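Subject: Structure handover

Hello,

Please find the structure below, with notes on what was found in it. The notes take one part at a time and can be read alongside the coordinates.

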Amino acid sequence: MQRLNQIFTKQSTYVPILAIILGLIVGAIVMWMGGFNPFEAYKAMLVKIFGTTYDFGEAIRQVTPLIFTGLSVAFAFRAGLFNIGAEGQFIMGMTAATWVGINTDLPWFIHLPLAVLAGGLAGAIWSGLAGWLKASRGINEVISTIMLNWIAYYFANFMVRVVMIEKGQNRSQDVLPSASASIDWLSALMDNARVHWGTVIALLCSGIFYYILWKTRQGYELRASGHNADAAFYAGINVKGSIVKAMMISGAFAGLGGAFEILGVFKSMAVMNAQPGYGFDGIAVSLLGGNNPFGIVFGAILFGFLSYGSQGMNFELEVPNEIIRIVIGSVIFFVASHGIVKWFLKPFFKKRREEKKGAA
Amino acid sequence: MEQRPIVAELKGITKRFPGIVANDNISLQLRKGEIHALLGENGAGKSTLMNILFGLYQPDEGHIEINGSPVVIDGAGKAIELRIGMVHQHFKLVKPFTVAENIILGNEPTKGATIDIKSANERVKQISEQYGLKVDPRVKIEDITVGMQQRVEILKTLYRGADILIFDEPTAVLTVQEIEELIVILRNLAREGKSIILITHKLKEIMEIADTCTVIRRGKVIGSVSVKESNERQLAEMMVGRSVSFQVDKQKSKPGKPVLEVKDLVVPGEHGKPVVDHVTFDIRAGEVFGIAGVDGNGQTQLIEAITGMRKASGGSVKVLGKELLGTSVRTVTEAGVSHIPEDRHKHGLVLDFSVSENMVLNNYYKEPFTHKGLLNYKAMDENAKKLAEQFDVRMSGIHTEARSLSGGNQQKAIIARELTRDPELIIAVQPTRGLDVGAIEFVHKQLIEARNAGKAVLLVSFELEELYGLSDRLAVIYEGRFMGQMEADEKNEEQIGLMMAGNAMGAAAGHTG
Amino acid sequence: MDLLAQLINTTLVFSTALILAALGGIFSERSGVVNIGLEGLMIVGAFSAAVFTYFSSEWGFGGGSPWFGLLMAVVCGVVFSLLHAVASISLKANQVIIGVVINILALGATIYLVKSLFDGQGQSENLTGIAFTKWNIPVLSDIPFIGEALFKAYPTTYICYVLVFLSWFVLYRTRFGLRLRAVGEHPGAADTVGISVTKYRYIGVMLSGAFAGLGGAAISLTTTYDFSHTTISGQGFIAIAAIIFGRWHPIGAAGAALFFGFAQALRFQAQLFEWSKAIPNEFLYMLPYVLTLLLLAFAAGKNRAPAAAGEPYDPGKR
């Protein structure tokens, strides 16, 4: 119980909730200034998410990669690292999984896991590279991962356009059915919403996240290095090794997310004309979730639903779906500047204390 | 001598922080041209009081009068206007800037749009000569000695016309020689009509320089005495509230087999000069070996090299015959070495971890704390409870963050951890820094008990009294070299002082070969 | 030879935005505030310049339009940077996270506005004929090779070099610069001589908003001639790398930015040699980022960041 208390401090539950409310208010104000009716807009959003089983299934699909990237960013953060490169690691995961999905022909119980593992491994290596640069050369991981994002993006496009191309199309060949991660029977029940095993694995990963960090000796070392690298060094912990390990595990989460996005949803990889953005959303999710596994799942659901629902706003009322970026950006802003949120909360707590005094 | 005029008076100053009354109805008078010492233990409230005088804090009750008129000092700027200057314990100097740039900061002379650095340099030179504080205005702070940096701090106040100077623990970072120079400077300043408040806990220095001494304990003024009519014992009693013995109960040691053998240790430093320069010494079981020296002479690097936290470039370090140089920190720990680090926040604890997690910082990976790769929290908790009881660590629970413990209890926790791992060699660096007298006595007792139980203890301290009280043998380190090694029974304080300042004559006289 | 002169010319074009953003970042970091949000500030600048230029030409400002756009880019950059300033300085939030927030919000808000203003389309109206064209400096531009390389540039480039010199001058020769640097190295030292740490940090961040906004405007008004989600793609981060290489010094950072601009120019003029035509485009596009990474790995040298950068100033900590 007390361990749970350590992970969930009072601050880390009230602040995000208030930040979400404030973020939605900001979005409402922006929409109102643009001549849209925020109530109608948010209503259209809710209808879009919960209106039909198809929509609900698709909303869940949208949530899934965010859990992966949220876990990715949060894991690195717990070890004291800013992994802004979840984006690139996600892309590498997509690429590797696609390649294995197309180019090897094996029975499904080998093919699918292999493709998934390839994705995770690709993400781990890509992230480990940044970790190694930091450990051996002291290069700030914020800059190196951002550079690696762009390199991954162009590399992936190259792989799709040149190596895995489907003739005449602007995307890769399809992955073989033996590498599909779709849950066909559930999809059928939900009007062909693209539900896939990735969602299950994502939830499993949040459990793994908790397990590694708080149950294993490795986790103790990673957390110590994250809180105080000097003390960890004094304690005999191999801090540099921890940096690389943490980045690799973090990258693996992101890579898995990318793998499932292809194997479970799109079945092929298109030439991208912009970075998909899951990695950056992962930063938002991890911040909102207080860097703990339960909060991250919750945060991912929030953002995934918001993003999916914004299509409804766009379709019904022609609100540009960037409004969600504004909402999300504002929410993180309020979480990060929790000083301002606590300033809102102060009157509530003061009243409580005065009531208690009066009663005593 | 008739009474000199009062230049500053603090009347009934009270300052509260959450959970504590730092200053409780404090009144104090400072006269012109006097050197007024403010004596108290760590946490007694001296710094808070002076920060109020310097405008960094506001008092909750009471007021200040400068030259007879009540004033409100609402910031450093106002204090400077009132000609109050503060020479901080931790210098407020911008390292990459020059001496002159630091002195003129905030008050820069200009020529059109640019800073007139030439006239700044000249003005600095002028003041430095007037008060006998020699510095070169064009040198960068990061390139000068600590003693010179302090002079720059002093010049900062004089440049702004300070008449009231507050010195916060000024001798903490100086060599014996620099301390003597500072004493001369202080007397000069007083003679020029400056009024000086000296915050310190060093009784000897108070007896030597101060005219008056106000003693503060737990936020209250115990008394203001004329130093001429008092003595160290009286001041100490006022400071602590009971009679203090300066002696630690210690029988003569019976040293056994060699536990630590350091031979010709060399640790490279910047600019090609080694920071540890061919150091050789032994420590036997059942003895305490102390290393004296002013901070910054290589002690830190020496300890880091022995514990595996820093690479050495030559020599050998053996514990119980096993060569440890070049191995990892963990190997050293497993060879039977405990380390109470100099900086308990930087190295000693992970402040965000619970007390329980901190208690296994060096051996979390061993059974029973880790079993097949998984942590055993129950075992960790039991261990923490046991240690906390044994060593009287006060906290609200073993699951609270280490951050929430007081400095003294944090240190006790570290000592509990390091002493109960059953080490052969205990390395303690500044183990009583920042602790109150009760905690200091406790730590000293623990170290002597360990030594009596047959452990070897390597003690590094910047307080000579502590070294004399605990050590069986002593060495003095200066610029990375051992200037001499001797029995601590011989009261060779003067020799030690000379060696600490690099005087080889002291070494020749005290060397026991 | 002609191609080489053109390459140098293109380098100057691409490096202008990088230099401007880097200068802005230097003012912010020198005052002690880490600014990862340069990318977002450039986005705001590029957007403002494109949109205000377009509308002012619609309203009949004629040749003054791009100048108005430039001005608005600076103003909007400063205003947007206040988000960073308030959060990081007054609310003591984690500066890296706030920087990331700035980037997210900037892109979201600007694209949202573009779609709102321009009927749902994803980019602003094209500015050919309205925005800047190259200025040929009389006489100097006629010199063979050098003229082509150095003296036929956009006005933003000329402004950029003036600002490099001004930045150096202000930072190292004026009272303001000395105090700003003190605040970033040792805020306690500045505070105890009566300098307001808060004030100088706010100014530092606002200057970064102004410069980065200007840098973004340089791109939308000279290179892309419109604004869309691809207008700014990583330049803000490359600027940060330039700051690191340049050791937080205006001239050093400008030099580093020139180098990165060169890498960008290379990929733009990839058809320079026969063999380069065979390289797939994507690898050329990668070039600036790979180069940044390699340089950081092997040539960055000792970290000379302002000592107090990244930490909110807490006067209570002694």
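Strand E15 (residues 288-292) of chain B and strand E22 (residues 456-460) of chain B run parallel and are joined by four bridges. Within this pair, Gly290(B) has Leu459(B) in E22(B) as its bridge partner. Please note that this is a predicted model.

The two strands belong to an open sheet of six strands in chain B, with the order E18-E21-E22-E15-E23-E24 and mixed pairing. Strand E18 (337-340) and strand E24 (481-487) of chain B are the edge strands, each pairing on one side only. On average, neighbouring strands of this sheet are turned by 15° against each other, direction ignored.

Two helices that pack on the sheet are worth looking at. Helix H9 (residues 299-307) of chain B touches E15, E18, strand E21 (425-429), E22 and strand E23 (473-478) of chain B. The direction of H9 makes about 150° with that of E21(B). H14(B) also packs on the sheet, where it touches E18 and E21 of chain B. The direction of H14(B) makes about 175° with that of E18(B).

**H14 and H15 of chain B**

H14(B), residues 407-419, has a helix contact as well: its axis and that of helix H15 (residues 437-452) of chain B come within 11 Å and cross at roughly 10°. Angles under 35 degrees count as roughly parallel, so H14(B) is roughly parallel to H15(B). On the H14(B) side the contact is made by Gly408(B), Gln411(B), Lys412(B), Ile415(B) and Leu419(B). They meet Ala439(B), Val443(B), Gln446(B) and Ala450(B) in H15(B). By class, the residues of this contact are five nonpolar, three polar and one charged.

Strand E1 (residues 6-17) of chain B pairs with strand E4 (residues 61-66) of chain B in the antiparallel sense, over five bridges. Here Glu9(B) stands opposite Glu65(B) in E4(B). E4(B) also pairs with strand E5 (residues 69-71) of chain B, again antiparallel, over three bridges. Glu65(B) has a partner in that strand too: Pro70(B) in E5(B). Together E4(B) and E5(B) form a hairpin with two residues between them. In its turn, Asn67(B) has a positive phi of about 50°.

The domain assignment divides chain B into domain 1 (6-240), domain 2 (258-336 + 423-511) and domain 3 (351-422). Taken over C-alpha atoms, the centres of domain 1 and domain 2 of chain B are separated by 33 Å.

**Chains A and C**

Chain A has 16 helices and zero strands. Along its principal axes, its C-alpha trace spans about 75 × 60 × 35 Å. A compact globule of 360 residues would have a radius of gyration near 21 Å, and the 21 Å of chain A agrees with that.

Chain C comes to 12 helices and two strands. Its pattern along the sequence is α-α-α-α-β-α-β-α-α-α-α-α-α-α. The C-alpha atoms of chain C fill a box of roughly 60 × 45 × 40 Å along the principal axes. For 318 residues the compact-globule value is near 20 Å, and the radius of gyration of chain C, 20 Å, agrees.

**Contacts between chains**

How many residues of chain C are in contact with chain A? There are 40, and they meet 37 residues of chain A. Helix H4 (95-117), helix H10 (235-245) and helix H12 (281-299) of chain C each supply at least two residues of the side that touches chain A. H4(C) gives the largest share of that side, 14 residues. By class, this side of chain C has 28 nonpolar, nine polar and three charged residues.

Chain A also meets chain B, with 15 residues of chain A in contact with 24 residues of chain B. On the chain A side, helix H1 (2-7), helix H10 (217-227) and helix H11 (229-234) each supply at least two residues. The side of chain A that touches chain B divides into six nonpolar, six polar and three charged residues.

Regards

Conventions:
Residues numbered from 1 in each chain as written. Chains lettered and ligands numbered in written order. Predicted model: local features only at pLDDT ≥ 70, side-chain atom pairs only at ≥ 80, totals over all residues. Axes fitted to C-alpha atoms, helices over the stretch in contact; angles between N-to-C directions. Parallel < 35°, antiparallel > 145°, perpendicular 65-115°, else oblique. Contact = placed C-beta atoms within 7 Å. Nonpolar A, V, L, I, M, F, W, Y, C, P; charged D, E, K, R; others polar. Pairing = 2+ DSSP bridges. Domains from an automatic or database assignment. Rg over C-alpha atoms; globule rule 2.2 N^0.38 Å.
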